[in-house]
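Hi,

Here is the structure I promised to pass on.

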Amino acid sequence: MLRIAIQSKGRLNEESTAMLQEIGISVDDSKRKFLSKVKNFPLEVLYMRDDDIPGIVANGTAGLGIVGLNEVAEKGFDVKIVKKLGFGGCRISLAIPKAVDYQGPQWFNGKRIATSYPEILKGYLKENNIEAKIEVITGSVEIAPAAGIADAIFDIVSSGGTLVSNGLVEVEKVFFSEAVLIANNDITEEDQAILDEMLFRIDSAIFSRDKKYILMNLPAASVEEATRILPSMRSPTVMPLAAEGWCAMHSVVEEASLWEKIAQLKAIGAEGILVLNIDKIIP
Ligand code: PRT
Ligand code: ZN
């Protein structure tokens, strides 16, 4: 039975479960369970600490895993990165006390840097010819400079709020991460077919994200212009209305440009504009 390892609790747990739900895989999310079977898909879900996921996938205990790219890079296990999933975005950065007059990465020469990501940091220091001492800490890295344990930190940053509240500034963004789907290098043909079906569904879910369905009434004379404003997957759907000289147009629009498009459509006479959520798009 193909297994997928996901984080049992923590930042990626909810979104990993939601991603599986989104692709029609109903997960029994009682977190007390270590292993749970999926009812409507040939898959078992294994709940683990994120640190253990790359190793468990590399040794084949689970064929698949969802984990931060940072963990995969840090642990160095040989696994296939099958898909970036578009959630859990963060970066690992070097940060220093804000009073320091920082001129560039050479500042780190001879300094002590606290981190939970020694391997990624080693790679960066080597690439930049910096000799620094790495202090490995597994939690609350951001307090290390104030506690006198280190001169700087190398830690995960997302909004930057934690750095600010600890009097630190981010000076080098070193590694960009997000949640990824990883796979064992030697999964069977049968498991590969299951993975392919999952990937097909994931692509559709990612494609549907941040898109809205838009419909409106429009003077027939404006259809050409509206088609330019709303380039759809192939072309927008246009239907005549009972009222002479009017038609209805349906299309898909990126949420980011929604209000800008609405303004343009109103300017060419669009009325009765409806914007609806999309559940799935199969391109
Ligand atoms: O118990 P387990 O070992 O499974 O979990 P964990 O405590 O090791 O990891 P967890 O749940 O904190 O994070 C899991 C994964 O989420 C990480 O490996 C990253 O891939 C991803 N991720 C995304 C983050 C963040 N954003 C994040 N902001 N992981 C941690 N943080 C922490 C960071 O360490 C720092 O303390 O949040 C703080 C910074 O956040 P901002 O927003 O203040 O900058
Ligand atoms: Zn962890």
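Predicted model: local features only at pLDDT ≥ 70, side-chain atom pairs only at ≥ 80, totals over all residues.

Residues are numbered from 1 along each chain as its sequence is written, chains are lettered from A and ligands numbered from 1 in the order in which they are written, and side-chain values use heavy atoms, with hydrogens and water left out.

(Four donors count as tetrahedral if all angles lie between 85 and 135 degrees; four count as square planar and six as octahedral if opposite donors are over 155 degrees apart and all others between 65 and 115; anything else is irregular.) Asp50 counts as buried because its relative accessibility is 19%, and Asp51 counts as partly exposed at 25%. Buried means under 20% relative accessible area, exposed over 50%, and partly exposed in between (1.4 Å probe, protein chains only).

Next, helix 6. Helices (H or I, at least four residues) and strands (E, at least two) are DSSP runs, numbered from the N terminus. Helix 6 covers residues 189–208, and at 1.5 Å a residue its 20 residues should span 28 Å; the end C-alpha atoms are 29 Å apart, which agrees. The expected span is 1.5 Å times one less than the number of residues. Among the buried residues of helix 6 are Asp191, Ile194, Leu195, Met198 and Leu199. The buried residues of this helix pack against several elements, including strand 1 (3–7), helix 1 (13–22) and strand 12 (211–219); contact means heavy atoms within 4.5 Å.

Asp210 lies in the loop between helix 6 and strand 12. Its phi is near 60 degrees, a positive value in a residue other than glycine, and Asp210 counts as exposed at 52% relative accessibility. Lys211, in strand 12, is buried at 16%.

Ser140 also has a positive phi, near 45 degrees. Ser140 sits in the loop between strand 8 and strand 9 and is partly exposed, with a relative accessible area of 45%.

Those two strands belong to an open sheet of five, in the order 8-7-9-6-10, with mixed pairing. Strand 8 (133–136) and strand 10 (168–177) are the edge strands, each pairing on one side only. Two strands pair if DSSP finds at least two bridges between them. Strand 6 (residues 90–97) and strand 9 (residues 152–157) are antiparallel over five bridges, and Leu94 stands opposite Phe154 in strand 9.

Finally, Ala5 in strand 1 is buried at 0% relative accessibility. Leaving aside neighbours within four places in sequence, Ala5 is in contact with residues including Leu46, Met48 and Ile53.

Happy to talk any of this through.

Best wishes
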